[in-house]
Amino acid sequence: MSFGVFGGRYEGTLRLSLDETPSFTLTSDVSDIDVAAATAFAGSPGAISGRLIGRLELSGRGLDAAAVNETARGTVRVNIADGIVKG
């Protein structure tokens, strides 16, 4: 799936395995996200500015939210460039 968001781009894949215990792998990349617009949308206008790039890789398994939460493992990397943090 890919789409534009906050002036940037999201691209990601979700792979599901419907074995006896379902499993998933999520990989997402974001690029050139306007951090000021994103934080304003989240209710904190003016808190930070800049452009964000990042990557998320996550996997897990389970039949319910508690099991998925317990087994989820992965990595996240986020970089914000050319920005200012208020205060």
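What share of the 87 residues in the protein chain do buried residues make up? Buried residues make up 18%. This is a predicted model.

## Overall build

The protein chain holds two helices and five strands. From the N terminus on, the order is β-β-β-α-β-α-β. The C-alpha atoms fill a box of roughly 50 × 25 × 20 Å along the principal axes.

The radius of gyration is 16 Å, whereas a compact globule of 87 residues would have a value near 12 Å. The accessible surface comes to about 6100 Å². Carbon and sulfur atoms account for 57% of that surface. Contacts reach along the chain as well: among those between residues at least 6 apart in sequence, 46% join residues at least 24 apart.

## Strand pairing

β2 covers residues 8-17 and β3 covers residues 23-34. The two strands pair in the antiparallel sense, over nine bridges. Glu11 has Asp29 in β3 as its bridge partner. A hairpin through five residues joins β2 to β3.

β3 also pairs with β4, again in the antiparallel sense. Here the count is ten bridges. β4 spans residues 51-61. In this pairing, Thr25 has Ser59 in β4 as its bridge partner. As background, side chains in a regular strand alternate between the two faces of the sheet.

## Salt bridges

Side chains of opposite charge can pair when their charged atoms come close. The model has four salt bridges. One of them joins the side chains of Arg55 and Asp29, at 2.6 Å from N to O. This pair links distant parts of the chain: Arg55 sits in β4, Asp29 in β3, and they are 26 residues apart. Arg55 is partly exposed, with a relative accessible area of 34%. Asp29 is also partly exposed, because its relative accessibility is 30% and that class lies between the 20% and 50% limits.

Arg55 has a salt bridge with Glu57 too, at 2.8 Å from N to O. Glu57 is partly exposed, at 35% relative accessibility. Which residues do salt bridges with shared partners join into one network? They are Asp29, Arg55 and Glu57.

Another salt bridge brings together the side chains of Arg51 and Asp32, at 3.0 Å from N to O. Arg51 lies in β4 and Asp32 in β3, so this pair ties together parts that are 19 residues apart in sequence. Arg51 counts as partly exposed, at 30% relative accessibility. Asp32 is partly exposed as well, with a relative accessible area of 39%.

## Positive phi angles

Most residues other than glycine have a negative phi. Asp32, the salt-bridge partner of Arg51, has a positive phi, near 55 degrees. Asp32 has this value within strand β3.

Asp82 is not a glycine, yet its phi is positive as well, at about 55 degrees. Where does Asp82 lie? Asp82 is in the segment after β5, a strand that covers residues 73-81. Is Asp82 buried or exposed? Asp82 counts as exposed, because its relative accessibility is 79% and the limit for that class is over 50%.

## A nonpolar surface patch

Which residues form a nonpolar patch on the surface? Leu14, Leu16 and Leu18 do. Together, these three leucines have about 380 Å² of accessible area.

Leu18 sits in the loop between β2 and β3. Leu18 is exposed, with a relative accessible area of 75%.

Definitions and conventions. Residues are numbered from 1 along each chain as its sequence is written. This is a predicted model: local features need pLDDT of at least 70, side-chain atom pairs count only at pLDDT 80 or more; totals for chains, interfaces and linings use all residues. Side-chain values use heavy atoms; hydrogens and water are left out. Patches are made of residues with over 30% relative accessible area and no salt bridge: like charges are joined within 9 Å, nonpolar side chains (Val, Leu, Ile, Met, Phe, Trp, Tyr) within 5 Å. Accessible areas come from the Shrake-Rupley method with a 1.4 Å probe; for residues, only the protein chains shown count as cover. Helices (H or I, at least four residues) and strands (E, at least two) are DSSP runs, numbered from the N terminus. Buried means under 20% relative accessible area, exposed over 50%, partly exposed in between (1.4 Å probe, protein chains only). Two strands pair if DSSP finds at least two bridges between them. The radius of gyration is taken over C-alpha atoms; the globule rule is 2.2 Å times the number of residues to the power 0.38. Contact means heavy atoms within 4.5 Å.
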